Amino acid sequence: MASTTWSPMTTVTEAPLAPHERIRNAADISVIVIYFVVVMAVGLWVGGGPGTLMGSEGQREV
């Protein structure tokens, strides 16, 4: 008969984030938010605003 060994499961508790880790996470989030705002601003600037429709170039008066 084969012998088996049993070991109890151990739980690992993670330490709370250090202050520099929290700041880095906040910086990551702020970079994403700033990028989103810049992309939206450029899209509105190039597209002519939210009132214009895609493909309506032929209907504008010159």
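The fold, the annotated segment and the surface of the chain are described here in turn. The model is predicted.

The secondary structure amounts to one helix and zero strands. Helix α1 covers residues 19-47. In UniProt, an unreviewed entry places a "transmembrane region" at residues 26-46. Over residues 26-46, the model is 100% helix and 0% strand.

Of its 62 residues, 3% are buried. The chain exposes about 6,500 Å². Carbon and sulfur atoms supply 68% of that area.

A nonpolar patch was identified on the surface. Its members are Ile29, Val33, Phe36, Val37 and Met40. Together these residues have about 500 Å² of accessible area. Ile29 is found in helix α1. The relative accessibility of Ile29 is 55%. Ile29 therefore counts as exposed, since the cut-off for that class is over 50%.

Definitions and conventions:
Residues are numbered from 1 along each chain as its sequence is written. This is a predicted model: local features need pLDDT of at least 70, side-chain atom pairs count only at pLDDT 80 or more; totals for chains, interfaces and linings use all residues. Side-chain values use heavy atoms; hydrogens and water are left out. UniProt positions are given in the numbering used here, feature names are shortened, and annotations may be inferred rather than shown by experiment. Helices (H or I, at least four residues) and strands (E, at least two) are DSSP runs, numbered from the N terminus. Patches are made of residues with over 30% relative accessible area and no salt bridge: like charges are joined within 9 Å, nonpolar side chains (Val, Leu, Ile, Met, Phe, Trp, Tyr) within 5 Å. Accessible areas come from the Shrake-Rupley method with a 1.4 Å probe; for residues, only the protein chains shown count as cover. A salt bridge is a side-chain nitrogen of Lys or Arg within 4 Å of a carboxyl oxygen of Asp or Glu. Buried means under 20% relative accessible area, exposed over 50%, partly exposed in between (1.4 Å probe, protein chains only).
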